[in-house]
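I opened this one to go through its ring contacts, strand pairings and charged pairs. These are my notes in the order I ended up liking.

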Amino acid sequence: MADNGFSISGELTETGHQLIQRVYYEDTDFSGLVYHARYLHFLERGRTDYLRCLGVEQRELITADEEGLVFVVHRMEIDFRNPARMDDILTIVTCTEKAGGAKMVLRQEIRRGETPLIAAKVIIAVINAKGRPRRLPEALAKRMQIETQDG
């Protein structure tokens, strides 16, 4: 936690997780707009810090038990609604739609203030260290769904 009370990993809210990110020159193309593939980076940061705020350290999951636990993106649907530009302050919102079995379904948004820029549905496969499907541990599935049950 920084001295100003802000966490570099964002924060859990009643509706999910929010992460604030600035758009840098490196995120843009020649037109000055964020290059479409860079949005994947912002979405990944949102998912990773969502898990971190839930107390899940992905690097520890691979060795947490004899089987190991890994999350991989299986499918992603993205709607590009409005462009972002250099120096924009973005909010990446992540929430759990489903967590159980061998997959998770997350909803993500990227906003500039109240303006929606990106809407994404991300299906995450849960696999073991050898790349085979495995069930998401029940305790972790419950932790992932806390805000959808309470919110």
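This is a predicted model: local features need pLDDT of at least 70, side-chain atom pairs count only at pLDDT 80 or more; totals for chains, interfaces and linings use all residues.

**Notebook: hairpins, rings and charges**

E5 and E6 make a hairpin with two residues between the strands, and Gly113 in that turn shows a positive phi of about 65 degrees.

**Entry: the E5/E6 pairing.** I looked up how these strands line up. E5 and E6 (residues 115-127) run antiparallel and are joined by ten bridges. One residue I checked was Gln108, whose bridge partner in E6 is Ala120.

**Entry: the E4/E5 pairing.** Next I went back along the chain. Strand E4 (residues 89-100) and strand E5 (residues 103-112) are antiparallel, with nine bridges between them. Gly100 has Lys103 as its bridge partner in E5. This hairpin has two residues between its strands, and Gly101 takes a positive phi near 65 degrees.

**Entry: a charged pair across E4 and E5.** Glu97 and Arg107 form a salt bridge, with 2.5 Å between the closest N and O atoms. Glu97 sits in strand E4 and Arg107 in strand E5, ten residues apart. Are the two ends buried or partly exposed? Glu97 is partly exposed, at 42% relative accessibility, and Arg107 is partly exposed too, at 36%.

**Entry: salt bridge tally.** How many salt bridges are there by the rule used here? The count is 13. I also noted a network of salt bridges that links Glu26, Asp27 and Arg38.

**Entry: a pair within H1.** I picked Glu44 and Arg47, whose side chains meet in a salt bridge at 2.6 Å, N to O. Why is the spacing about one helical turn? Glu44 and Arg47 are three residues apart in helix H1, so about one helical turn separates them. For accessibility, I wrote down 35% for Glu44, which is partly exposed. Arg47 comes out at 7%, which means that Arg47 counts as buried, the cut-off being under 20%.

**Entry: a pair between loops.** Then I looked at Asp65 and Arg134, which form a salt bridge at 3.2 Å, N to O. This pair links distant parts of the chain, 69 residues apart: Asp65 is in the loop between helix H2 (58-61) and E3, while Arg134 is in the loop between E6 and helix H3 (138-144). Asp65 is partly exposed at 32% relative accessibility, whereas Arg134 is buried at 12%.

**Entry: aromatic rings.** Going over the whole structure turned up one aromatic pair. Tyr39 and Phe80 are the partners, edge-to-face, with 5.8 Å from centre to centre and 65 degrees between the planes. I checked where they come from: Tyr39 belongs to helix H1 (residues 38-53) and Phe80 to strand E3 (residues 70-80), so the pair links distant parts of the chain, 41 residues apart. Which side of the buried cut-off does Tyr39 fall on? Tyr39 is buried at 3% relative accessibility.

**Entry: recap.** Tyr39 in H1 pairs with Phe80 in E3, and Glu44 and Arg47 lie three residues apart in H1. E5 came up on both sides: E4 is joined to E5 by nine bridges, and E6 is joined to E5 by ten.

Notes:
Residues are numbered from 1 along each chain as its sequence is written. Side-chain values use heavy atoms; hydrogens and water are left out. Rings of Phe, Tyr and Trp (its six-membered ring) pair if their centres lie within 6.5 Å; planes under 30 degrees apart count as stacked, over 60 as edge-to-face and the rest as tilted. Helices (H or I, at least four residues) and strands (E, at least two) are DSSP runs, numbered from the N terminus. Buried means under 20% relative accessible area, exposed over 50%, partly exposed in between (1.4 Å probe, protein chains only). Two strands pair if DSSP finds at least two bridges between them. A salt bridge is a side-chain nitrogen of Lys or Arg within 4 Å of a carboxyl oxygen of Asp or Glu.
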